[in-house]
Structures are given as C-alpha cells and as structure tokens.
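Here are my notes from going through the model you sent. Have the viewer open while you read, as the points jump around the chain a bit.

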Amino acid sequence: MSKSRYERPAIVRNAVGLMNKAGRRADLSEREHLDGVPIETLCREFGSPLFVFSERRLRARIREAKEAFARRHPRAQLCWSYKTNYLDAICAIHHSEGSLAEVVSGMEYAKARRMGVPGHRIVFNGPAKSPEELARAVRERAILHADHLEEIYRLERIAEESGERPTVGIRVSVDAGIQPRWDRFGFNLESGQAMQAVRRIVRGGKLQLGGLHSHIGTFVLDPAAYGRAAAAVTAFAAEIERELGVRPTHIDLGGGYASTNTLGSEYHSGALAPPIAEYAEAICSALVAGGNGTTPLAPLLVEIGRSLIDDAGTLLSTVIATKRLGNGKRALVIDAGGNLLFTAWWYRLNVAPAKPVDAFVEETSIFGPLCMNIDCIRESVALPDMRPGERLAISPVGAYTVTQSMQFIQLRPACVLIGEDGVPEVIRRAEVLEDLTGPERVPERLRQPGCAAVASPAAPALGPEADGRLAAASTGPIEAQAAGDASRETGRRRTSDAIPSGRPAGPPPGTASSLPPLSPAVPVPGAWPAAAAPFRPGGLADPHAGRNGTARRE
Ligand SMILES: Cc1ncc(COP(=O)(O)O)c(C=O)c1O
C-alpha cells in the first residue's frame, strides 16, 4: 500500500456572499444550460472555448427596442452597428427584423453588401472612408455621414466626376453633459464647425444635405443625456432650415445605449442599465418638444449595438488547471482569455460554473491561456471547487468580443447559434492553422529544408508580383498533409443525440440562408481531463487527488 501524500493546507477566509453596506454581491451563480441545451453537450459537440449566441434572446431584444421607438415615433428605424458583432448569421437576424446596416469602414460596407443589404439600407459612418469607398457608397445610394471636411471635399470631387449630386449628412459632436465629452468625431456644434460644414454642402452646389448624426458616448447610463443630444440636434436642424432653407433628411442618434453588462466599477451586476424604453422616451419627447408642431417629425435613425446583443452571447470555457497563488488565493487557468475577451478590461464579466454551486465557495482569480501576465479575466470571483475539464460560462459577451478577438497565441474558437427551436448550429467554424498562415509567404532564400511555411493551398493569388516558384512550391507533401488534416477536421459531423433534433429541411426564416456551408468545430476529445493528464512535477501533490492519492472525482 502506498503512503499517503502530505498536502499542505491552505487556509482561506470564507468571506463570500456576506452582506456589506451595498448589499450582497449578486455574481454568484451557476449555469448548466443555455436555452435548454446542456453546456457540457455544447462543449463536447463544438469544442471549447466556444462562443454561443441565443437567437431567442437576440430577437427579443431587437423587438423590444423596435417597439420602444415605434410607440413614440412614427418613422423610427433601428440600424444594426456591425462592429459590435458582424458574424453573418447575427447580422442576418438583425436584417430579418428590419434593421438597416450601420458600418464604419469599407470592409464592413462590403460585408453588408455581401449579406444582400442594398446600399440605400446602409448607414456609412467612420472617420477613414477612402475615395474608392466613398465613390461606391455614392453609386449605391448609401446613407453617408461625413466625419470631417476632407470627406466633403472628396465627395465633391466624386460628384464632379460622376455628374451626380450625392446626398451627404454630417456627424455632429454635441455637448450632452457626458464626461469626458466625445469630440474627436464629426463637427463640433457649439464652435460653429457643424454649421460651416452644412453651409459647404448646401452652398457648394455639388452635394445635397442629408441627415444629422450624433453619437454622444459609450455605455451611457443616463437616458436624459440622449434627450439633451436630441434637443441640441433638433435645434440645429431648425437653425439650418432658417438660414439655408433646407431641412436635414433625418436625425440619427447612437450608439452608446448601455447593455446589461457590469462596468468594473459597479458593485451590483448589470443593475444600472436603463431599459431601452427610457432612452426612447428621452429622445422622442425631446424631438417632439423641439419640433414646431406643424412639420412632421424628421425620420429617426437609431444606431444601436451592445444593448441588443451583449446578453445574447456567452463564452464557454474549460478549466485547464487550478493553482494557489503565493498569497494562498485560489486561481484557475482556463482556455479562454484576453485573446477572446477584450471587453474583460472594462467589464466585470459574470463567470458561472456549469455545475451546481454547493455550500462552500471561494474567491478565485481567473487567468486565460496566454503566456502573458496581463491575461486575467477576473481578479476575484466566487466559485466552488473547480477541477480540470469542468466548464465555465462567461457572460455577457455578445458585444465587441468576436469582432475584437485576436489570433494571438491561440486560434479562435467556433461560434454557435442556438436557434429559437433550441437547435445549436455552427455559425463560424473554429480556426485551423491554415487560417493563420494562409496569407503568409516565406521568401525562397529563407526556406529551410522541410519548411512547410510556403504558401497555403487555399491561399489566393498574391497579385501581380506572384511568380511561378510559389505556385510550384505550394504543392509539396506537407501541404497535401495539411489539406488532409483540414478535410478530416471539416469532415466531422454533429452527433445530435443529446441535442434537440427536428429542424425542418432548409433554414428557418430569418437565418443566414446565404451562408456558405460551414465546417464544424475542431473536435475536442470527450474525456478531456483523462486524455491530457495534468502536469505533475515531482514532489507536488495533485490538488485533485484524494487523501489516498486517487482522483476524487473524474
Ligand atoms: C457610429 C457608431 N454607431 C453605433 C455604435 C454602436 O454603439 P453601441 O454598441 O454602444 O450601441 C458605435 C459604436 O461605437 C458607433 O461608433
């Protein structure tokens, strides 16, 4: 019989869940299912980490916002901010609910067009539109908001060349009482810059005046600030009409509407975000009050992002290891980190174990998989005992995570959408190495014997400078093997035993029927902890071993 190992006791204060003057912290929770699908099943089927989106929640949020504005304004229109999350399937849901596309770059513009959105249903913002992008937007009748005078001059040149008279709105920076004031985008109202820009558009003779757009800040928790912005923009529209005899085509407010996320500085989780109806009320009552009562209200565009998608997204992750830090605090290493959760810098994301929370929980630091000291998702979160292979659900992560995720140290994971019928489907496959190396090229003089980094078989032509050497070199045995690996990976099919089945043939209305076929995620072995036994340097006890050295639970 082997001798029992000595495990040094760690004494920690159990201060979790106690009351203080701000009440009890509400971030101690458990989550075993997402929209009825077991988290364990999702991770086994589609891999870990895994972004999971709820179509049910997303559609409910869109409808709530649409109704909040429609009740108060006869011509209100939601515009989905692509940068918040431009997964095709997510955008398709927004468009199926009637939203326009709001884009801030030529890439996003092209993505919207690829989704089948016509130019006249695209709002084109952003500070760095190229002449070519502007020309395309003019040709396709997009709703343009100029950010600076250079853009207005460029549009005048495009007008001269094309013989068209493009409609051009401007972005206006107004003082809505938000600190720090956002001033770098658009034209300042109070200094008169905005009026100068409008005069140039109207009197320059080459353009026509479009709308007035104002975006006052981010995660703005005070709906009254939108009321002040709406009042300032309406007063400006009236001034334009008085001086120049033209009326702006629309008023556009957003983004900045807060989601149910929790800022790092807040005590209670997600408690501060006002309902969208409060923003709608503040905006629409200011627009009505600012009108003269005889002319109809200008059409209202509402650019909106995080508040619609944030709590529809969850990141599932797996515990890789547990540790004790030098001060005795418990820490977890998990397979998702700052590479996927840029937003962890300013939000206190909720981290819930995908298993019942029993009586004892302990403050735990959560570190991601990057070999970077800063890769910390939460400094301290109350969690029960967690073991390698167990799952965590991190939320809300629907906004600005997938679009800002990095191919840094780790490849990016799959994204799954759980449909309204509870069926999960891959909407972006997990990346494979070729996604990273595809665009790369190693000059011949740098290639070592056996170097596989030549050119991906799937890589597009490099352009006019590409020569025959490259094409010839890209068909070696290693590429063939890589192609074989990729096809094995993409050949994996869903085993839907634990997942509700019964999806009728063909995509349901509103899903991305135009998506190219998706390859499922890279498989993750079902018995993850057993397949990859934790590293145990000699002399240290396995923290998951029982007193007699056997695993406590597997
Ligand atoms: C021009 C514009 N519109 C809309 C949005 C969406 O903002 P939010 O996600 O805060 O609703 C953004 C985001 O920064 C933006 O830059």
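**Notes on the model**

1. Tyr400 isn't a glycine, yet its phi is positive, at about 60°. For context, most residues other than glycine have a negative phi, and most peptide bonds are trans. Keep in mind that this is a predicted model.

2. Two cis peptide bonds are also worth a look. One runs from Ser48 to Pro49, with omega near -5°, and Pro49 belongs to the loop between helix H1 (39-46) and strand S3 (50-54). The other runs from Gln179 to Pro180, with omega near -10°. Pro180 is found in the loop between strand S8 (167-173) and strand S9 (187-188).

3. Now the ligand. Which residues come nearest to the ligand? Out of the 17 around it, they are Ser81, Gly255, Glu303, Gly305 and Arg306. Strand S12 (300-304) and helix H10 (306-309) are the elements that give two or more residues to this shell. Sorted by class, the shell has 10 polar, 4 nonpolar and 3 charged residues.

4. On to helix packing, starting with H8 and helix H9 (residues 276-290). Their axes are 8 Å apart and the packing angle is about 25°. With angles under 35 degrees counted as roughly parallel, H8 and H9 are therefore roughly parallel to each other. Their crossing is right-handed. On the H8 side the contact is made by Pro223, Ala224, Tyr226, Gly227, Ala230, Ala231, Thr234 and Ala235. H9 brings Glu278, Tyr279, Ala282, Ile283, Ser285, Ala286, Leu287 and Gly290. By class, the residues of this contact come out as 11 nonpolar, 4 polar and 1 charged.

5. H9 also packs against helix H2 (residues 55-70): the axes come within 9 Å and cross at roughly 25°. H2 and H9 are therefore roughly parallel to each other, and H2 passes H9 in a right-handed crossing. Glu64, Ala65, Ala68 and Phe69 of H2 make the contact with Ile276, Ala277 and Ala280 of H9. That contact between H2 and H9 divides into 6 nonpolar, no polar and 1 charged residues.

6. H8 has another partner in helix H7 (residues 193-203). From H7, Ala194, Val198, Arg199 and Val202 meet Phe236, Ile240 and Leu244 of H8. The contact has 6 nonpolar residues, no polar ones and 1 charged.

7. Last, a bit of sheet. Strand S16 (residues 362-367) pairs with strand S14 (residues 330-334) through 4 bridges, and these two run parallel. Here Ala331 stands opposite Ser365 in S16. S16 is also joined to strand S17 (residues 376-383), by 5 bridges and with the strands antiparallel. In that pairing, Thr364 stands opposite Val381 in S17. While you look at the side chains, recall that in a regular strand they alternate between the two faces of the sheet.

Conventions:
Residues are numbered from 1 along each chain as its sequence is written. This is a predicted model: local features need pLDDT of at least 70, side-chain atom pairs count only at pLDDT 80 or more; totals for chains, interfaces and linings use all residues. Two residues are in contact if their C-beta atoms, placed from the backbone, lie within 7 Å. Ala, Val, Leu, Ile, Met, Phe, Trp, Tyr, Cys and Pro count as nonpolar, Asp, Glu, Lys and Arg as charged, and the others, Gly among them, as polar. A residue is near a molecule or strand if its C-beta atom, placed from the backbone, lies within 6 Å of it. Two strands pair if DSSP finds at least two bridges between them. Axes are lines fitted to C-alpha atoms, for helices over the stretch in contact, and angles run from 0 to 180 degrees between N-to-C directions. Angles under 35 degrees count as roughly parallel, over 145 as roughly antiparallel, 65 to 115 as roughly perpendicular and the rest as oblique. A crossing is left-handed if the near helix is turned anticlockwise from the far one by less than a right angle, and right-handed if clockwise.
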